[in-house]
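Good morning, and thank you for coming.

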Amino acid sequence: MKPAPFGYARPGDWPEALSLLRDGARPLAGGQSLGPMLNLRLAQPATVIDLRHLPGFAGVAVQDGYCRIGAGTSHAEIEDGAIPGRLGAILAGVARRIAYRAVRNRGTIGGSLAHADPAADWVAVLPCFDGAAIALGASGERRIPLADFVLGLMETALRPDEVLRAIELPVLPPEARWGHWKFCRKPGEFSKATACVLAVPGEPPRAVLAALDMPPLVIADAGALLAAPEAEAARIVAGLALRDPWRAALVRTALHRAALAAWEMEE
Amino acid sequence: MTAVGAADAPPQGVGASLRRKEDARFLRGRGRYVGDITQAGMLEVAFLRSPVAHARLLGVTKPEGAEDRVFTAGDLLGVGAIRAASNLAGFRVSEQPVLARGKLRHVGEAIAACVAPTRAEAEDLAAACTLDYEELPVVTDMLAARAPDAALIHEHWPDNAFLETRREEDLSDLDGIAAAKVTRRLRTARHCMAPLEGRGVLAEWDPRLEQLIVTSSAQMPHVIRTGLAEILGLDEAQVRVIAPDVGGGFGYKGILLPEEVVSAHLAMRLDRPVRWIEDRLEQLTANANCREHHYVVTAWADREGRLLGVEVDATVDAGAYSSYPFSACLEAAQIGSIFPGPYTLPRFRCRTVSACTNKPPILPYRGVARTGVCYAMETTLDALARQLGIGTDAIRLANLVPPEAMPYRNLVGKVFDSGDYPEALRRAIACFDLDRLRARQAAGEYVGFGLGIFCEQGAHGTSVYHGWGIPMVPGYEQALARFTPDGGLELRTGVHSHGQGLETTLAQVAHEVLGVPTARIRVVHGDTALTPYSTGTWGSRAMVMAGGAVAEACRLLGERALAIGAVLLQAGPEAVELAGGAVRRRDGSAAVALEEIARTWYRRPQHLARDVDTGGLEVTAGYRPDPDTGTHSYACHAVIARIDRDTGAVALEDYVVVEDGGKLVNPMIVDGQVLGGLAQGIGTALYEEMPFDAAGQPLAGTLADYLLPGATEVPDVRLDHMETPSPWTRFGQKGIGESGAIGPPAAIVNAINDALHRFGAELTDLPASPARVLAALEAGRRR
Ligand SMILES: Cc1cc2nc3c(=O)[nH]c(=O)nc-3n(C[C@H](O)[C@H](O)[C@H](O)COP(=O)(O)OP(=O)(O)OC[C@H]3O[C@@H](n4cnc5c(N)ncnc54)[C@H](O)[C@@H]3O)c2cc1C
C-alpha cells in the first residue's frame with residue numbers, strides 16, 4: 001500500500017497550477033481521497049499538484065447576496081463557523097457529520113465535490129442550494145450550476161484543464177428551513193442514503209436525494225414532499241425502481257425524515 | 001541492621017486495581033513495535049499475492065533485471081512446507097507452501113517475495129511481475145464444499161474437509177416425549193481480526209552468535225521458534241525470536257507465518273536484515289480467517305423448559321490450509337465438547353465438519369468456537385422458551401448447573417470448577433426494569449430484551465491438549481524470579497503481554513508473595529533468549545499459568561532469602577519470617593530488608609553461611625494446576641436493543657455484564673479485558689463481515705467496508721463482578737481474557753428477536769446488519 005512513484009509540484013500561483021494541469025498533473029487538496037487512491041495504486045499520476053499553497057484556495061467571502069467558499073476550505077473550518085449566518089449554520093451541521101475530526105481537518109469541500117463520490121456529503125447536499133461551482137481554466141472563471149456539476153460516479157463537469165476554484169451559494173434568510181438525514185452505521189462509513197430539503201420563504205422548496213450510485217437527484221419543487229412527507233417520499237422512491245429492497249427502504253426513509261426535519265427546523 | 005517498618009502504602013498485591021505499569025510508555029507513544037525497529041542495510045519485503053481464489057500456477061515472470069530481488073517457491077531451496085497435523089482420527093493435514101507452489105488456493109496467498117531498500121520500491125517490483133495461471137472452479141461456500149462435483153482444493157483428498165467428528169446418541173424417542181421441539185439453522189459471518197498493529201517481522205542473521213534473530217509481532221514466540229527451526233532446518237538454539245511490543249493479538253498473531261519463514265530465509269540467504277510489515281490491505285484481503293460457522297440445531301424440552309436433548313450439525317469454514325500450531329480442526333472439533341454450555345444437558349448428539357474452502361486458513365479468534373456456540377445455543381433456547389410460552393430467564397434457570405453441584409462434570413466430561421451460574425443470571429436481570437420494557441413493547445415499540453450466558457474454559461492444559469495432538473501441547477508453565485544485586489526483582493516469563501497488562505499483574509503476584517514494591521519489579525517477556533519456554537499467550541491462560549508459575553518461583557526465592565536473612569539476623573530459621581519486603585524476627589526485634597539480603601548474596605558473600613543454598617537468588621519454577629482441565633469463568637450478558645423499523649438499524653440502549661473470573665488479580669484490568677472483548681463481540685453481532693463473491697474475492701478491502709465498532713458504537717456497559725475462587729488455581733483466579741467477546745452476539749440477537757417475534761420475524765444470521773433485520777421484518781410481514 002505504497003504509491004507508485006510520482007512527482008510533486010507546489011505552484012505558487014494559479015497560472016502555474018493551470019499550466020501543470022495542462023501537462024496532465026493531478027490536483028491534490030486535502031488528500032483524504034486522493035491519498036488512499038495513490039496508496040492503493042488506483043491513481044498513478046506522473047505528477048501531483050499541491051493546491052494548498054495557492055492564494056485564496058481556502059477562505060470565505062460574502063458579496064452581493066452570495067457566499068463564495070474557496071475550494072480549499074476544510075470541512076473543519078466550515079464546522080467551526082467559517083461561513084456566516086443561516087447558511088453557515090446549515091453547512092456546519094453537514095460538515096460535523098463528515099467522518100471524524102482528523103479527516104475533517106484536512107479534507108476540503110472542493111476536493112469532496114471534485115472527487116464526485118455519489119455517497120459523499122457535499123456531493124449530496126450542495127445541489128440543494130441554488131448555487132454554482134466556479135471552475136478556473138486558461139480563459140478565466142466559469143460558473144457551473146451545482147445541480148449539473150456531478151455527472152456520474154467520479155465524473156464531473158470540470159474540463160481536464162480546469163480546477164475547481166470555489167463554490168458560490170446564496171446567502172439564506174434566518175427563516176430558511178432545512179432538513180438533512182443520512183444513513184451510515186458508523187462515522188466515516190459512506191452514506192447509504194442521504195436526503196436534504198431546503199425551504200426558503202418565497203421560493204419553491206428544493207430537495208436532493210443522494211448516495212444512489214448515480215448523480216444526486218434534485219427535486220426542484222419539493223412542495224408536495226413537504227405537504228405529505230411519507231406518501232410523497234414513497235412515491236418518489238417507487239419511481240426510482242431500486243432493486244435492493246433495503247436500499248429502497250433507506251432512501252424512502254431518508255427523504256421522509258429529511259422532510260420531517262425541515263418542518264421541525266433542525267439545525 | 002536497618003529496621004524496616006511495615007509498609008502502609010496502598011495495596012499492590014493480588015486484588016488491587018493497580019494502574020498499569022506499561023501504560024507509562026504506551027500513553028506517551030513510546031511503545032516499540034516491529035515497525036519502529038530498523039537495522040543498517042535492512043531490506044523491505046513486499047509480497048506478490050494471488051489475485052484469484054483457485055488456480056493452477058503455471059509461472060511467475062520476474063521483472064527484467066530484478067531476477068535476484070524477486071523470490072518464488074522455486075528459489076527457496078531447503079525450506080519445507082508448513083504442516084499442522086492433529087491426531088484426531090481422520091484428520092487430513094495440508095501442506096502449506098510458504099510461497100505458492102503449483103497451485104493457488106486463496107486470494108492473497110503469497111507467491112513471490114520482492115526485496116528492495118524501501119517498501120514502495122518492493123511494491124514496484126511486485127507490480128512489475130507477471131503471473132501465468134489457469135483458473136479452477138472455486139469453493140467458497142462451506143456447505144457446498146463437500147458436494148461430489150466440488151473442485152478439490154487438495155487434489156489427493158477424497159473431498160474438501162479436514163475433519164469430520166461425530167458424537168452419536170440416539171435421540172429418536174424425544175419427539176414422543178418432549179413438550180416442545182425447535183430446529184434452527186444459524187450462520188455466523190467470516191471475520192478478519194483487526195488488531196491495531198498488523199503483523200510484522202524483522203529477520204537478521206547474527207554471525208557472532210550464529211543465530212537467526214527474528215523480531216516478530218507474535219503472541220507465542222517460543223512456539224514460533226520451534227516452528228521456524230523445524231522448517232528452516234536449524235538447531236533450535238540457532239533461532240531467537242523476539243516479540244517486542246505487540247499492538248494486539250486476539251489469535252491473529254498466534255501462528256507461524258509463511259511470511260516469517262520467507263523473511264527469515266531471505267535474511268540468511270542475502271546476509272542482510274529483512275523486514276516485512278503487513279499493511280491493512282494485505283490484512284483484509286489475505287486474512288479474513290475466522291468465525292464462519294453454520295449450525296443446524298434441534299432442541300427438545302419438557303413443559304418446564306428442562307432440556308431433554310440437543311442435536312447439532314455444525315460446519316466451520318476452515319479455509320484452505322491447516323495453520324501452525326492450532327491446526328484447521330480445533331475450532332470445529334471443539335464445538336462437540338463445548339456446545340452443552342453452562343447447562344446440565346442430559347443427551348447430546350453432535351456432528352462437526354471442518355470444511356476446506358478457497359479462503360484464508362482458519363485461526364482461532366478471541367473466544368474461538370465459543371462465540372458461535374454460545375450464539376447457537378442461546379438463540380435456540382430463546383426459540384424454545386417462546387414456543388413453550390415461558391420466560392427466557394425461566395428456561396435458563398431450569399437448565400443451568402446449580403452451585404451446589406460444583407465442581408460439575410457434564411455429559412461430555414468437561415469439569416466446571418466453581419461458581420453460581422443462576423446467580424449471575426438473576427443479578428443481570430435485576431439491573432433492568434423489565435416491566436417498563438414490556439409496557440413499551442405493548443405500546444408498539446420495536447424494543448427487546450436479550451440474555452446470553454456461557455462459561456469459558458480457560459488455561460486448559462496438558463490433559464486437554466494432548467488429545468488434540470496438534471504441534472503444541474502446554475505443560476508446566478515456568479517462570480524465573482531473581483533478585484538483582486540492588487534488591488530489585490526481575491520476573492521472566494514465556495507468555496507475552498500485548499494488552500493484557502501482565503507487566504502489572506505478574507508484578508502484583510510477586511508482590512503478594514514477596515512484598516517487594518511493584519515499582520521495583522520488572523517483568524521480562526517476549527524474547528526466547530531471555531525467558532523460559534512457554535506456549536505463550538492464548539486460551540485465557542496467562543494469569544492462571546504464568547501467575548501460578550511466578551507465585552511458585554517467588555515462593556522458592558523467598559525461602560532462599562529467608563535462609564540468608566536468618567543468618568544475617570543471627571536467628572534460627574524458625575525464628576524468622578518474610579513480610580513486608582523484609583526478613584523479620586518473629587519477635588519483632590529486628591529485620592533485614594530484601595535489598596540487604598540481595599546485596600549480601602551478590603556482593604558480600606563473605607557474610608553467607610557455609611550451608612547456603614548455592615542456587616542463590618534466582619529460581620525457575622514450574623506450575624500446573626491440578627487438575628489442569630481448565631478454569632471456567634462465566635458471565636451473563638443482558639441487553640436492551642431498539643430497532644429502527646424503517647431502516648433495520650439496531651441500537652443498544654442498555655448493556656449489562658455480570659462476570660465471574662474467580663479471584664481478580666487486578667479488577668481494573670479485568671474490566672478492561674471484558675470491555676475490549678465486548679467491543680469485538682458487538683462487532684460480531686452487528687458489524688463485522690467479510691463477504692466473498694462467487695469467485696472467492698473478499699469484498700471488503702478497506703476499513704470503510706469492513707466495519708469495526710468504534711467508540712461511537714460501543715455503549716456504556718454496566719459491569720458487575722462475582723468472585724467465586726477456582727479451587728484449583730494458586731489464588732483462585734480464572735482465565736477471563738476472551739469472555740467479553742463470547743456473549744454479545746447471543747444476547748444482542750436474543751434482544752432483537754424479542755422485539756421482532758411479535759411481528760412474526762426472527763433473525764438467524766450474523767451480523768444483525770440493518771439489511772438483515774429489515775429482511776426479517778419483511779419476511780415476517782409476508783408470513
Ligand atoms: C476515513 C475517511 C472517512 C471519510 N468519511 C467521509 C464521509 O463520511 N463523508 C464524506 O463526504 N467524505 C468522507 N471522506 C472523504 C473526505 O471528505 C475527503 O476529504 C473528500 O472526499 C476529498 O477531499 P480532499 O480535499 O481530501 O481531496 P483530495 O483527496 O485531495 O482530492 C480528491 C479528488 O479531487 C481532486 N481535486 C481535489 N481538489 C480539486 C480542485 N480544487 N479542483 C479539481 N480537482 C480537485 C483530486 O485530484 C482528486 O481526484 C472520508 C475520508 C476518509 C479518509
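Let me begin with B:Glu503, which touches B:Lys21, B:Glu22, B:Arg25, B:Ser497, B:Val523 and B:His525, leaving aside residues up to four places away in sequence; contact here means heavy atoms within 4.5 Å. Before I continue, a word on conventions: this is a predicted model, in which local features need pLDDT of at least 70 and side-chain atom pairs count only at pLDDT 80 or more, while totals for chains, interfaces and linings use all residues. Residues are numbered from 1 along each chain as its sequence is written, chains are lettered from A and ligands numbered from 1 in the order in which they are written, and side-chain values use heavy atoms, with hydrogens and water left out.

B:Glu503 belongs to helix H13 (residues 502–514) of chain B; helices (H or I, at least four residues) and strands (E, at least two) are DSSP runs, numbered from the N terminus. Is this glutamate, B:Glu503, buried or exposed? B:Glu503 counts as buried because its relative accessibility is 11%, where buried means under 20% relative accessible area, exposed over 50%, and partly exposed in between (1.4 Å probe, protein chains only). Its side chain makes a polar contact of 2.9 Å with that of B:Arg25, and a polar contact of 2.9 Å also joins the side chains of B:Glu503 and B:His525. A polar contact is a pair of N or O atoms within 3.5 Å; within protein, one must be able to donate a hydrogen and the other to accept it, and residues adjacent in sequence count only if both atoms are side-chain atoms.

Next, the ligand. Of the 31 residues around the ligand, A:Pro27, A:Ser33, A:Leu34, A:Thr108 and A:Asp121 come nearest; a residue is near a molecule or strand if one of its heavy atoms lies within 4 Å of it. A polar side-chain atom of A:Ser33 is 2.7 Å from an oxygen atom of the ligand, and a backbone N or O atom of A:Leu34 is 2.6 Å from an oxygen atom of the ligand. For A:Asp121, a polar side-chain atom lies 2.7 Å from a nitrogen atom of the ligand. H6(A) gives the most to the shell around the ligand, with four residues.

Finally, backbone geometry. Most residues other than glycine have a negative phi, and most peptide bonds are trans. A:Ala211, however, has a positive phi near 70 degrees; A:Ala211 lies in the loop between strands S13 (206–210) and S14 (217–219) of chain A, and is buried, with a relative accessible area of 2%. A:Asp64 has a positive phi of about 55 degrees and counts as exposed at 72% relative accessibility. In chain B, a cis peptide bond joins B:Met406 and B:Pro407, with omega about -10 degrees.
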